[in-house]
Amino acid sequence: MENDLIAKKDLLEVAHISYGQLYRWKRKKLIPDEWFIRKSTFTGQETFFPKQKILDRIEKIISLKDDLSLDELADMFSPNPQSVSLTVNQIIERHIVSLMTVDVLFPEEERNKSLSFEAILSANIVEKVLKSGEVNREESKQLYTFLINNYGKLHGQPFYLLIFRKLGVTSFLLISKQENYYVDDLTNEVFKLDILQSIEELKSLLSKGA
C-alpha cells in the first residue's frame, strides 16, 4: 500500500504544480476528496495520494485546461450523466462507437433515433468489450441491455464492470470499487472495466465534438 501512495510534497515536485493549484482543483471537484489521505508520520500528520491516479488526473487536467474551463473539467470528471442527446449516426461520426458495434446493437431503422448519455455510454462500453474479443454478438446485446437497466442504480459512485464465464456461460456484474468478490474455481473473470474512467473518456469525446 505504501508503494502505491505519494506524499503531497513529493507530488507537488513531481507534477510541477503549486500548493494553491492542488487545492483549487480540489475545491472545484477536479480531484476527489477521498484521494486526500491523512496519515501519521514521524513528523506528524501528512497528506498522501493514490500515486498513479493523482498523476494521471493532473496530467489530464493540465492537457485540457487551455481548452476547457475548470467547471467544464469538473463536469467531465463527475460520474453524473451529462444532458446530451445524439443520434446513432452522430456517435459514429464522433468516433464514440464504430460501425461494427452499431451493426450489433441498432437495426438500420433505428439509426436516426436519439440516445441519452446512459445509452451512449453503454454502447461505448460494448464497443470496448467487443474489441477485446471476449463476447459474441448476442452477448453484446445482452450487455447493452444490462448496462442500460442498471446504470441508474450506480448513483454516481465508482464501479467496475466485470464479465465472467463459467462452462461457456457468460455473466455480467457491476461492483463497487471498495468491495471484494469471490467466485468458484470453475468461474473465470474474462474482462474488467472501470466505469468511472469510461464516463470521463466519453465526456472528453463529447466535449471535443461540441
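Two strands pair if DSSP finds at least two bridges between them. Helices (H or I, at least four residues) and strands (E, at least two) are DSSP runs, numbered from the N terminus. The model is predicted: local features need pLDDT of at least 70, side-chain atom pairs count only at pLDDT 80 or more, and totals for chains, interfaces and linings use all residues. Residues are numbered from 1 along each chain as its sequence is written, and side-chain values use heavy atoms, leaving out hydrogens and water.

**View A. Strands β6 and β8 side by side.** β6 (residues 159-166) pairs with β8 in the antiparallel sense over seven bridges. Ile-163 stands opposite Phe-191 in β8.

**View B. The open sheet.** Three strands run in the order β7-β6-β8, with antiparallel pairing. β7 (169-176) and β8 (187-194) are the edges; each has a single partner strand, so one side of each lacks a neighbour in the sheet. From one strand to the next, the twist averages 25° (axes are lines fitted to C-alpha atoms, for helices over the stretch in contact; angles run from 0 to 180 degrees between N-to-C directions).

**View C. Helices across the sheet.** α7 (residues 117-132) lies across β6 and β8, at about 135° to β8. α8 (residues 137-150) lies across β6 and β7, at about 25° to β7. Contact means heavy atoms within 4.5 Å.

View D. In α1 (residues 8-15), Lys-8, Leu-11, Leu-12 and Ala-15 are buried (under 20% relative accessible area; exposed is over 50%, partly exposed in between; 1.4 Å probe, protein chains only). Seen down the axis of α1, these buried residues fall within an arc of 100°, so they line one face of the helix. The arc is that of the directions from the helix axis to the C-beta atoms. Exposed Lys-9 and Glu-13 sit on the face turned away from the buried side. Cover for the buried residues includes β1 (5-7), α2 (19-27), β3 (44-50) and α3 (51-64). His-16 follows α1, with a positive phi near 60°.
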